[in-house]
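Biologist: Could you walk me through this model before we go on?
Modeller: Gladly, let us look at it together.

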Amino acid sequence: MSNVSTIEELASETCIERKGIPSMPRREAEQLLRVLPGWILADGSIEKEFHFKSYLDGLNFAYSVGKIAEEQNHHPDILIKWRRVKLTLSTHSVKGLSQNDFIVAARSELKYRESV
């Protein structure tokens, strides 16, 4: 189980290949969600909808998340709406959640805080 206590600690971690390991237990996922305000546990994924003052602000955020995803080699589903962006994260190679999902979520959350 991960022992992170802040979003900054979680964001400082690096995604690694998770193929061949079991998906994260629900209890551990719920514990990690405590440092990710507004993120919810869905069916085998975590998600959050972010709100913006303009459509372009949302696009810029989505682009920033794309850069994080490429850097970490872990890619969320990104749904861009008018003044909203929804991120959904799961780890396909483990058919559920892994630490990687929470790392990218934390990095995305910190990027969002910079943009508002």
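Biologist: Which residue stands opposite Thr 88 in E4?
Modeller: Asp 77 stands opposite Thr 88 there. Please keep in mind that this is a predicted model, where local features need pLDDT of at least 70 and side-chain atom pairs count only at pLDDT 80 or more, while totals for chains, interfaces and linings use all residues. Residues are numbered from 1 along each chain as its sequence is written, and side-chain values use heavy atoms, with hydrogens and water left out.

Biologist: How many bridges join E3 to E4?
Modeller: Five bridges join E3 to strand E4, residues 84-89, and the two run antiparallel; strands here are DSSP runs (E, at least two residues; helices are H or I, at least four), numbered from the N terminus. Lys 81 stands opposite Arg 84 in E4, and the hairpin of E3 and E4 has two residues between the strands, with Arg 83 in the turn at a positive phi of about 60 degrees.

Biologist: And what order do the strands of the sheet take?
Modeller: The order is E1-E2-E4-E3, an open sheet of four strands with antiparallel pairing, where two strands pair if DSSP finds at least two bridges between them. Strand E1 (40-41) and strand E3 (77-81) are at the edges with a single partner strand each, so one side of each is left without a neighbour in the sheet.

Biologist: Which helix lies across E3 and E4?
Modeller: Helix H3, residues 55-72, lies across E3, E4 and strand E2 (46-51), and runs at about 170 degrees to E3.

Biologist: What does Lys 86 meet in a salt bridge?
Modeller: The partner of Lys 86 is the side chain of Glu 47, at 3.6 Å, N to O; a salt bridge is a side-chain nitrogen of Lys or Arg within 4 Å of a carboxyl oxygen of Asp or Glu. This pair links distant parts of the chain, since Glu 47 belongs to strand E2 and Lys 86 to strand E4, 39 residues apart.

Biologist: How many salt bridges does the count come to?
Modeller: The count by this rule is eight salt bridges.

Biologist: Back to Glu 47, which residue is its bridge partner in E4?
Modeller: Thr 88 is the bridge partner of Glu 47 in E4, and six bridges join E2 to E4, which run antiparallel.

Terms used
Contact means heavy atoms within 4.5 Å. Axes are lines fitted to C-alpha atoms, for helices over the stretch in contact, and angles run from 0 to 180 degrees between N-to-C directions.
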